[in-house]
Amino acid sequence: MIRKTIALFLWALILTSPTFAQRPKVGLVLGGGGAKGAAEVGALKVIEQAGIPIDYIAGTSIGAIVGGLYAAGYSAQQLDSMFCQQEWLSMLTDRNSQYSGEPYATANGVTYIFGFPVMDQNSHAFGVLRGGRVEQTLDSMLAYHGDQVEFENLKTPFACVAAEMRTAQEVVLTEGTVPQAIRASMAIPGIFKPIRINGRQLVDGGMVNNLPVDVVRQMGADIVIAIDLQQSKPKKRKPIDHSVWSLADTFGVGGLAEWIVSRPDINKYYDNCAKADIYINPPLPDYEASSFGNEKMAAMIVIGEEAAKKQWPQLMQLKERLGR
């Protein structure tokens, strides 16, 4: 009896020790912001230096690109090199180098101006750019880093946010092909053609949830680190009676019309900012979503690092809480 009591006591000590006790789960949220996503890479370098483990990742638009690659196992330093060396303009615009020296060219139903596709007669979807090269690049990068092309094979659970084009409803993608999901999450309406997934036409998730803290919470995160690229803070909007949009609903665009006027994403943005435990907002007033280029990328990475270092005391407190 005494031996059993001692054995149970020792087992209880083992289970409650820092090594065996279940630690809180950490979620990483990466907001949208085009080229400014380079600052997220800089912030990730500091989070890695702090020794913070990441259990769940959620991202929108450029945050989906960074998050998807990070979930596949790319380190922050590898992402640093990729961001500074990638030919972003050619990748994002599907530029065809074969026609880059010609003012005007047409091939296979696609019209090019100096190699940039401006019209595609094969597609009636709204948007100038097809974004095929983005998907191909991500596919090759994920495949190169292992069998990571499908969500289920990622090293870290990952979710990215898109929006259904006609209803402006949020769609959280957590299964299927990762490059296709990321391509949907970054399909800026009017610029990139929407992506069809499971019968839905999906566009950039930034129009519904640009900082998906709530998504990573739903995935199971107890503690959330959010990297927000938003610079000018929008004003909150008052909810509008949905009955006003009954006529628009009859044409199947009621949700989109209501979104344009009421902008429910703004209130969600503020709610998500408040729900983040560690909030990193790199100051990027001199940069735009289109500020692609190696020198600009390198500068924004440094700004992201500096912004994250200001949260170093909080990161150290988190590290202690995690028992690392």
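Modeller: Asn198 sits in the loop between β10 (195–197) and β11 (200–204). Strands here are DSSP runs of E of at least two residues, helices are runs of H or I of at least four, and both are numbered from the N terminus. This is a predicted model, in which local features need pLDDT of at least 70, side-chain atom pairs count only at pLDDT 80 or more, and totals for chains, interfaces and linings use all residues. Residues are numbered from 1 along each chain as its sequence is written, and side-chain values use heavy atoms, with hydrogens and water left out.

Asn198 has a positive phi of about 55°, although it is not a glycine. Is Asn198 buried or exposed? Asn198 is exposed, because its relative accessible area is 64%. The cut-offs are under 20% for buried, over 50% for exposed and partly exposed in between, with a 1.4 Å probe and protein chains only.

Now step to Ile197. Leu173 belongs to strand β8 (residues 170–173). With a relative accessible area of 5%, Leu173 is buried. Beyond its neighbours within four places in sequence, Leu173 is in contact (heavy atoms within 4.5 Å) with Ile197 and Leu202, among others. Its other partners include Phe151, Phe158 and Cys160.

Cys160 counts as buried because its relative accessibility is 0%. Cys273 is buried too, at 17%. The whole structure has zero disulfides; the test is a pair of cysteine sulfur atoms within 2.5 Å.

Ser61 also has a positive phi without being a glycine, at about 60°. Ser61 lies in the loop between β2 (56–60) and α3. At 9% relative accessibility, Ser61 is buried. Leaving out residues up to four places away in sequence, Ser61 touches Gly32, Ser185, Met186 and Asp204.

Helix α2 (residues 38–49) packs against helix α3 (residues 62–71) at an angle of about 35°, and the axes are 11 Å apart. Axes are lines fitted to C-alpha atoms over the stretch in contact, and angles run from 0 to 180 degrees between N-to-C directions. From α2, the contact uses Glu40, Val41, Leu44 and Glu48. From α3, it uses Ile62, Gly63, Val66 and Tyr70. By class, that contact has five nonpolar, one polar and two charged residues. Ala, Val, Leu, Ile, Met, Phe, Trp, Tyr, Cys and Pro count as nonpolar, Asp, Glu, Lys and Arg as charged, and the others, Gly among them, as polar.

How much of α2 is buried? 10 of its 12 residues are, so α2 is largely enclosed by the rest of the structure. The buried ones include Glu40, Val41, Leu44 and Lys45. The end C-alpha atoms of α2 are 17 Å apart, which agrees with the 16 Å its 12 residues should span. The expected span is 1.5 Å times one less than the number of residues. Just after α2, Gly51 takes a positive phi of about 75°.

Last, α12 (residues 294–309). This helix has 16 residues and reaches 23 Å from its first C-alpha to its last, close to the expected 22 Å. Among its buried residues are Met297, Met300, Ile301 and Glu305.
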